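Subject: Structure handover, aromatic contacts

Hi,

Here is the structure I promised to pass on. My notes on its aromatic rings follow below.

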Amino acid sequence: LFVYENESLFFNQSSLDPTGEGLVVSWLENGSLNESSTYLFNASNKVGNNSLQLVVQNNYGNDTRAWNISVFNIPISLVSKFPLSDVVLDHDDFVVFNVSVETHSVRALSYSWFLNGSLFSTSEFFVFNASNHVPGFYSLSVVVSDSFSNVSASWLVEMKEEKFIINTGTV
């Protein structure tokens, strides 16, 4: 069976014991036991291969059915980024960079901000304060991950040189 991580599968079984004795119905999902005539397999946070086994038993023996359930990851996707394009800053400017992503996962998202290829921050947003940097060009990128997939965005930040007005004092 195949399912995506935001979906569920409902299992219902019906059993009859010809001897009239009571039946014990058990579901084993990846080794965890649940006794019920029905079972809801919730695929959230179960990306990969999973096993589900139905065991119906009485005093004389048991009958089993088993399923392998492959849960597929739904990759996260970039919804928007701010600013939308590259940035030019004066020496006393700052800008807050951020991204919005869509995920169908219950897993936590991690953010990694890289400035000129070096990890600089792991917060959900990045503040580039020009007064903390020398004039020049900076490559800024972010990678957002849910541990199974990731998405990235990047910007080029140009910080202009500070312009000084020199008064020569001539009369």
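How exposed is phenylalanine 72, in relative accessibility? Phenylalanine 72 comes out at 38%, so it counts as partly exposed. That class lies between buried (under 20% relative accessible area) and exposed (over 50%), with a 1.4 Å probe and protein chains only.

Two notes on the source. This is a predicted model: local features need pLDDT of at least 70, side-chain atom pairs count only at pLDDT 80 or more, and totals for chains, interfaces and linings use all residues. Numbering starts from 1 along each chain as its sequence is written, and side-chain values use heavy atoms, leaving out hydrogens and water.

Now the pairs. The whole structure holds 11 aromatic pairs. Rings of Phe, Tyr and Trp (its six-membered ring) pair if their centres lie within 6.5 Å; planes under 30 degrees apart are stacked, over 60 edge-to-face, the rest tilted.

Tyrosine 4 sits in strand β1 (residues 2-4) and phenylalanine 72 in strand β7 (residues 61-72), 68 residues apart. Strands here are DSSP runs (E, at least two residues), numbered from the N terminus. Tyrosine 4 is partly exposed, at 43%.

Phenylalanine 120 and phenylalanine 126 are edge-to-face, because their planes meet at 70°, with centres 5.6 Å apart. Phenylalanine 120 is partly exposed at 48%. Phenylalanine 126 is buried at 4%. Both belong to a cluster linked by ring pairs: Phe97, Trp113, Phe120, Phe126 and Trp155.

Best wishes

Notes. Helix = DSSP H or I, 4+ residues; strand = E, 2+ residues; numbered from the N terminus.
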